[in-house]
Amino acid sequence: MRTDLHTTSPLTGVRNLGILAHVDAGKTTVTERILYVTGATHKRGEVHDGTTVTDCDSQERDRGITIFAAAVSCVWDGHRINLIDTPGHVDFSDEVERSLRVLDGAVAVFDAVAGVEPQSESVWRQADRHGVPRIAFVNKLDRAGADLDTAVESIRERLHTVPLVVQLPIGQEDEFTGVVDLLRMRSLVWGAGRDTFEDGPVPNSLRAEAQRRRRLLEEAVAELHPVALEEFCTESTVSAPTLAAALRDLTRSGEGVVVVCGSAYRNRGIEALLDAVGAYLPSPLDVPAVRGSFGGTVEERAADPAAPFSGLVFKVNSTTTGRLTYLRVYSGTIQKGDAVLDAGAQRSERIGRILRVQADRHEEVDQAVAGDIVAMVGLKGARAGATLCTPTAPLVFEPPTVADPVVSVAVEARRSLDTGRLASAWARLVEEDPSLTVRTDPETGQTVLSGMGELHLEVAVEKIRRTHGLDVSVGRPQVAYRETVVRGVSGLVYRHVKQDGGAGQFAHVVLDVEPLEAAVGAAGDKAAAHAGDFVFGSTVAGGRVPQEYVRAVEAGCRDALAEGPLGGHPVTGLRVTLTDGATHSKDSSEMAFRTAGRLALRAALRAGVMALLEPVAEVTVTVPDDAVGGVLGDLAARRGRVSGQAARAGTAVVTATVPLAELFGYASRLRSRTQGRGSFTNRATGYAPVPATVSDGMLSR
């Protein structure tokens, strides 16, 4: 059903959702077909042709992948859908994180051949952390080797959720023509070359299988939903209205995931997917009120257009026409020309224009209300994560988290005259992408760009070249190492005494330093372990060290974590306990105890046993069967540890854990070993100790 894009929808009809998936699962094609089916576009965009609406950046079209989250809007059957197409590559997971922070629901897209892939699992866990309800769309059922049941089983096993399949495919692989709706027990069939479907009875050849699967669906829902269970026990069946209501409740509570299927490329199954979005995913009224705080007071804001205005900035983009600030409005109403408060920065801003976004095209509107996702023009300083609100009702929302960078490169302008322009370009780029950091190396004086992966940095550097016309040189990528405590020290005594005229400095501290895992294991304080990579405690009794000095010692210890004794890398994974100390009636101060804490911990780290940590990634390599041996040997040479191997439609899928430093240039190496037939994906999994033979060589250089 096509509906005018300008039709206004009540709040109950708004759906703020994201498209999540592994790279190449078909996210962008799904988004393009949604826009086409709803009438928002009149021509089907194709990724391989570079004609998609959401992949509007030149690099996205050149590389054929989504790099930047893109927002679009459309209307379907009385529902206004604000949709964000998110990246699928692991290097751009921070874009996904910021998007999920402002979404009410999501469609997770899975390849019907590959099922759950590594990045599918990562974005699913991200959605779990944000409590975002999801439905699953099993895509590419027209591909050779496509199997809905296998894909669904991988969802059950790898994502640890309950898939509730509401459709049955009609035909397999290149004969896939439609689906059976198991709730209505009707068939939806798309003919060759047609953009519309025919709604008819279930084919005789599939009637028994459809009834069997409908029964399995009823049983699965009855196990999870009390109303459905009561009807099932009484009537020995569950009616379609009860089933639909139960599926809606289970989706929104996260207890189950509705599964639909189709082929986005062939435009089959998109209408049913949109119907599922409207039926099962929540509106802004169905999600809990957002919580914020100001001045120590916690407050909830419901999605009410009449409430005080509040919204969260989740993306900033500099365009040729000005600075666009993307905002999710959580409460109230905002109009162009209104003055708002950036509550975190305590700075006033004024709204110049409000835009309904269609990727790189915009439609100006007079106002935005609770539940809307819009772009604003005229804001000068609001950054991603900023809370904008009515000045008379200030509130600060928790901003999206930003992951620590894991890869760095040295970048400098080829012409010294461009150094100032390059610094300005970096500042603008970091403002747009908070997961990038730029710093000056104190030893070499070089500008160091850090990000989430090799591709992430390539894209950033290329954007500097294309957008700002700067010629830059780039060094070899370097990973972000860490240092950790293997064996600590107990009872380290440090006395800081300084007397140079006037008031002196005196601080006496005694520290215990131990690995955090050992500390957690001994104390059972698992919450502390999850709180961060450093835990500080005090067991000083009798007021020998006043509380304000204890806090100063902790601050000093945190200062010391910036550089470890092995190679000057940040220190992580330790617990420090202040066990004793002494003060002087005149010369003790917070500054003295902060200095003592910093120098004492440095001495303790030098006295203990330290280990070097390196970032590692889970790599999934897909290669022809005849190339497996060479690939396994290459992974071993890169210090990879193979964790799994499986056969899939004439190819082998190898899973291994490999140090990130060993993956630079791996794509080219893999292509040469497999004559261009191999591919791989990777996702960061954390840090692991560097083998002694490798770390000794690194530290000796």
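Biologist: Hi! Before we zoom in, how many helices and strands are there in the protein?

Modeller: Hello! The predicted model has 18 helices and 39 strands.

Biologist: And how does the radius of gyration agree with a compact globule?

Modeller: With 701 residues, a compact globule would have a radius of gyration near 27 Å, and the protein has 28 Å, which agrees. The C-alpha atoms fill a box of roughly 95 × 65 × 65 Å along the principal axes.

Biologist: Nice. What share of the residues is buried?

Modeller: Buried residues make up 53% of the 701. The accessible surface comes to about 30200 Å², and 49% of that belongs to carbon and sulfur atoms.

Biologist: What about contacts between residues at least 6 apart in sequence: what percentage join residues at least 24 apart?

Modeller: That would be 71% of those contacts.

Biologist: Switching to charges, how many positive and negative side chains are there?

Modeller: The protein has 76 positive and 89 negative side chains. The centres of the two sets lie 4 Å apart.

Biologist: Let's pick one residue. Where is Gly 18?

Modeller: Gly 18 sits in strand β1, which covers residues 14-21.

Biologist: Is Gly 18 buried or exposed?

Modeller: Gly 18 counts as buried because its relative accessible area is 0%, and the cut-off for buried is under 20%.

Biologist: Which residues does Gly 18 touch?

Modeller: Leaving out residues up to four places away in sequence, Gly 18 touches Ile 84, Leu 103, Gly 105, Ala 106 and Val 107. By contrast, take Arg 482, which is 464 residues from Gly 18 along the chain: their C-alpha atoms are separated by 34 Å.

Biologist: On to helix α1. How many of the residues of α1 are buried?

Modeller: 11 of the 11 residues of α1 (residues 27-37) are buried, so this helix is largely enclosed by the rest of the structure. Among them are Lys 27, Glu 32 and Arg 33, along with Val 30, Ile 34 and Leu 35.

Biologist: Which residue follows α1 with a positive phi?

Modeller: Gly 39 follows α1, and its phi is near 85 degrees.

Biologist: Strands next! Which way do the residues of β8 point?

Modeller: In β8 (residues 178-181), Gly 178 and Val 180 point one way, while Val 179 and Asp 181 point the other way. All of these residues are buried.

Biologist: Which strand does β8 pair with over 4 bridges in the antiparallel sense?

Modeller: One partner is β7 (residues 167-170), paired with β8 in the antiparallel sense over 4 bridges. There, Leu 168 has Val 180 of β8 as its bridge partner. β8 is also joined by 4 bridges to β9 (residues 186-190), again antiparallel, with Gly 178 bridged to Val 189 in β9.

Biologist: How many residues lie between β8 and β9 in their hairpin?

Modeller: There are 4 residues between them, and Met 185 in the turn has a positive phi of about 55 degrees.

Biologist: One more: what is the order of the open sheet of 3 strands?

Modeller: The order is β13-β12-β24, with antiparallel pairing. β13 (297-301) and β24 (396-397) are the edge strands, each pairing on one side only. β12 (residues 290-294) pairs with β13 over 5 bridges, and Val 290 stands opposite Arg 301 in β13.

Note on methods
Residues are numbered from 1 along each chain as its sequence is written. This is a predicted model: local features need pLDDT of at least 70, side-chain atom pairs count only at pLDDT 80 or more; totals for chains, interfaces and linings use all residues. Side-chain values use heavy atoms; hydrogens and water are left out. Buried means under 20% relative accessible area, exposed over 50%, partly exposed in between (1.4 Å probe, protein chains only). Helices (H or I, at least four residues) and strands (E, at least two) are DSSP runs, numbered from the N terminus. Two strands pair if DSSP finds at least two bridges between them. The radius of gyration is taken over C-alpha atoms; the globule rule is 2.2 Å times the number of residues to the power 0.38. Contact means heavy atoms within 4.5 Å. Accessible areas come from the Shrake-Rupley method with a 1.4 Å probe; for residues, only the protein chains shown count as cover. Lys and Arg count as positive and Asp and Glu as negative; His and the chain ends are not counted. The place of a charge is taken as NZ of Lys, CZ of Arg, CG of Asp or CD of Glu.
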